[in-house]
Amino acid sequence: MTAAGTPIAVITGASSGIGAATARQLAAAGHHVVVTARRKDRIEALAAEINAAGHRATAYALDVTDRAAVDAFATELAGYPSVNVLVNNAGGALGADPVATGDPADWRRMYETNVIGTLNVTQALLPALTASGDGTVVILSSTAGHGTYEGGAGYVAAKHGAHVLAETLRLEIVGTPVRVIEIAPGMVKTEEFATTRFHGDTERAAKVYAGVAAPLTADDVADTITWAVTRPSHVNIDLLIVRPRAQASNTKIHREL
């Protein structure tokens, strides 16, 4: 539980990377963060770290693709004074094969996590966000949702779905006290993203960043999210695309090799 008047921010996929960094930064900005992910040990450790730093955090193990579990989570949040912010960060990429040989199971899992998972949590929490009188929905898409590249069709399709979800939701709820913000990062180097994409092949994952002097970090993206969330209520950052300086597009990257 948290004190009345303290804004509450729910962050999905908070067990590592951008989600964990966002939780730390929003907590430091004065939010009580509710960190969710499937890996209970990771989010409990994160919540303990944030609380030890003098901020407020609660951990809740959650698979965003499990609608019954998401609805139960929303019911539990009903005991809080209000829910003000939802950061839909859970997602990820799997595989980099061409359309001709891509694994349908990877495509399905990416769509379920990046799109259906975002839909589940947004639908479940939208009534509370609206009732707060000052709600914000953040959807983490990707530059992949705004431009395709060879070998990326499955991830591009999923992130395009996330982009369209954000764009359509904004149209549908205009006039309510809820903002819809889309943050679309480019090349971000985190401890797990590329390794997960290549099913644990660390050598292949390292090649993604080879020669790139300074890809974005999780903290860079979290800083962007926190900035957008903490703008005055009447200011809506519809879409913010953020890339490292070395990346001009999804297919044009300067590498110092």
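The model is predicted, so local features need pLDDT of at least 70, side-chain atom pairs count only at pLDDT 80 or more, and totals for chains, interfaces and linings use all residues. Residues are numbered from 1 along each chain as its sequence is written, and side-chain values use heavy atoms, leaving out hydrogens and water.

**Exercise 1. Find the order of the strands in the sheet, and say which strands stand at the edges.**

Step 1. Helices (H or I, at least four residues) and strands (E, at least two) are DSSP runs, numbered from the N terminus. Two strands pair if DSSP finds at least two bridges between them.

Step 2. Read across the open sheet: its seven strands come in the order β3-β2-β1-β4-β5-β6-β7, with parallel pairing.

Step 3. β3 (56–61) and β7 (239–242) each have a single partner strand, so one side of each lacks a neighbour in the sheet, and these two are the edges.

Step 4. From one strand to the next, the twist averages 15 degrees.

**Exercise 2. Describe strand β1 (residues 8–11) and its partners.**

Step 1. Look at the side chains: Ile 8 and Val 10 point one way, while Ala 9 and Ile 11 point the other way. All of them are buried, meaning under 20% relative accessible area, where exposed is over 50% and partly exposed is in between (1.4 Å probe, protein chains only).

Step 2. Turn to β2 (residues 32–37), which runs parallel to β1 and is joined to it by four bridges. Here Ile 8 stands opposite His 32.

Step 3. Now take β4 (residues 85–88), which pairs with β1 in the parallel sense over three bridges. Opposite Ile 11 you will find Val 87.

Step 4. Follow the chain from β1 through helix α1 (residues 17–28) to β2: together they make a right-handed β-α-β unit. Right-handed means that, with the strands pointing away from the viewer, the path from the first strand over the helix to the second runs clockwise.

**Exercise 3. Work out how α1 packs against helix α2 (residues 40–52).**

Step 1. Two packed helices are described by the angle between their axes and the distance between the axes. Axes are lines fitted to C-alpha atoms, for helices over the stretch in contact, and angles run from 0 to 180 degrees between N-to-C directions.

Step 2. For α1 and α2 the angle is about 25 degrees, and the axes are 10 Å apart. That makes α1 roughly parallel to α2 (under 35 degrees; over 145 is roughly antiparallel, 65 to 115 roughly perpendicular and the rest oblique).

Step 3. The contact (heavy atoms within 4.5 Å) is made by Ala 20, Ala 23, Arg 24 and Ala 27 of α1 with Leu 46, Glu 49 and Ile 50 of α2.
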